[in-house]
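Here is a friendly briefing to read alongside the model. Please have the viewer open as you go through the points.

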Amino acid sequence: MSSDPYGDRGNKDVSVANPKGTGTAHPVKRGGSAHPAPGGPFLIAEGMTGGYGTGPDILHDCTIAVEKGEIAVIVGPNGAGKSTAMKAVFGMLDLRAGHVRLDGQDITALSPQDRVARGMGFVPQTSNIFTSMTVEENLEMGAFIRTDDFSDTMEQIFDLFPILREKRRQPAGELSGGQRQQVAVGRALMTKPKLLMLDEPTAGVSPIVMDELFDRIIEVARTGIPILMVEQNARQALEIADKGYVMVQGANAYTGTGKELLVNEDVRKSFLGG
Ligand SMILES: Nc1ncnc2c1ncn2[C@@H]1O[C@H](COP(=O)(O)OP(=O)(O)O)[C@@H](O)[C@H]1O
Ligand SMILES: [Mg+2]
């Protein structure tokens, strides 16, 4: 695999294969329940503080919100805790303080599986497809919580990403980086989520492919699915963002509309290369 430029992708899901024998951030929580918490944004993760296992806090009073119809983008330096924040929103990390509310319900105590059932779709930064399975099988896996006929949803995903229809019988591992990201996003869409969370969907792809992926993401947002996205292509991502969060050392550093952040002197100097 050393010649594989996308070697950091693919199925390294610890629940499938765990070479190091150390669990990371997948507590199996059962029996948590959601309770009504009306009002406020469609998604709000408020005052999140917490870290991995018994380790130090990575997130410090971090707050992220997404309104209906919005694209919200989290940017910030490597190691700032962006992925950790996404995992916390998805329930892969126990919060020591703070709570997560989705669509008027407090879901802080729910497992990731239960959050999927409540409408969260999450594409993690790594291990987001099954490389040995075909494109179609990956999409079928995405529909794991559904008991109804999901063929219409699969057709919609093939309409959104036509190349996946063409390659549906091919192992996902044979696809290019940009195409794999389409599989990953498609997989998350198979549950018909009410909110789509993407961690660095354009990592490792060319600028042209990045633009195409952003166009598809905007298209998904236009269908009414709010999007929370982490991006390392900060400038480009903020250009399409209704709301932006700059995270530094596990905390909110700047928050504003995408445009506000793009013209902010300090944000420009420190995070956008001038
Ligand atoms: N599974 C993990 N276990 C322990 N620490 C982790 C784990 N994943 C990330 N970290 C630590 O959390 C901090 C934030 O990492 P991360 O959320 O991946 O940052 P970003 O996504 O902004 O690059 C880093 O110090 C990293 O070393
Ligand atoms: Mg990350």
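Two strands count as paired if DSSP finds at least two bridges between them. Helices (H or I, at least four residues) and strands (E, at least two) are DSSP runs, numbered from the N terminus. This is a predicted model, in which local features need pLDDT of at least 70 and side-chain atom pairs count only at pLDDT 80 or more, while totals for chains, interfaces and linings use all residues. Residues are numbered from 1 along each chain as its sequence is written, and chains are lettered from A and ligands numbered from 1 in the order in which they are written.

- Five strands make up an open, antiparallel sheet, in the order 1-6-5-2-3.
- Strand 1 (35-36) and strand 3 (59-66) are its edges; each has a single partner strand, so one side of each is left without a neighbour in the sheet.
- Strand 2 and strand 3 run antiparallel and are joined by five bridges, and L43 has V66 in strand 3 as its bridge partner.
- Strand 2 is also joined to strand 5 by five bridges, again antiparallel, with E46 opposite H99 in strand 5.
- Strand 5 (residues 97-102) pairs with strand 6 (residues 105-106) over two bridges in the antiparallel sense; here L102 has Q105 as its bridge partner.
- Helix 1 lies across strand 2 (43-50), strand 3 and strand 5, at about 70° to strand 3. Such angles run from 0 to 180 degrees between N-to-C directions, with axes fitted to C-alpha atoms, for helices over the stretch in contact; two residues are in contact if their C-beta atoms, placed from the backbone, lie within 7 Å.

- Six strands form an open sheet in the order 7-8-9-4-10-11, and the pairing is mixed.
- The edges are strand 7 and strand 11 (251-256), each of which pairs on one side only.
- On average, neighbouring strands of this sheet are turned by 15° against each other, direction ignored.
- Strand 8 and strand 9 (residues 227-230) run parallel and are joined by four bridges, with L198 opposite M229 in strand 9.
- Helix 1 (residues 82-90) packs on this sheet, touching strand 4 (71-75), strand 7, strand 8, strand 9 and strand 10 (243-248), and its direction makes about 150° with that of strand 8.
- Helix 6 packs on the sheet too, touching strand 7 and strand 8, with its direction at about 165° to that of strand 7.
- Strand 7 pairs with strand 8 in the parallel sense over four bridges, and V123 stands opposite L198.
- Both faces of strand 7 are covered, with M120 and F122 buried on one side and G121 and V123 on the other. A residue is buried if 20 or more other C-beta atoms, placed from the backbone, lie within 10 Å of its own.

**Helix 6**

- Helix 6 (residues 177-189) has 13 residues and spans 18 Å from first to last C-alpha, close to the 18 Å expected at 1.5 Å a residue; the expected span is 1.5 Å times one less than the number of residues.
- Twelve of its 13 residues are buried, among them G178, R180 and L189.
- The elements covering the buried residues of helix 6 include strand 7 (120-123), helix 3 (135-142), helix 4 (151-160) and helix 7 (207-222).

**Around ligand 1**

- Ligand 1 is surrounded by 13 residues, and the closest are Y52, A80, K82, S83 and T84. A residue counts as near if its C-beta atom, placed from the backbone, lies within 6 Å.
- By class, this shell has four nonpolar, eight polar and one charged residues. Nonpolar covers Ala, Val, Leu, Ile, Met, Phe, Trp, Tyr, Cys and Pro, charged covers Asp, Glu, Lys and Arg, and the others, Gly among them, count as polar.
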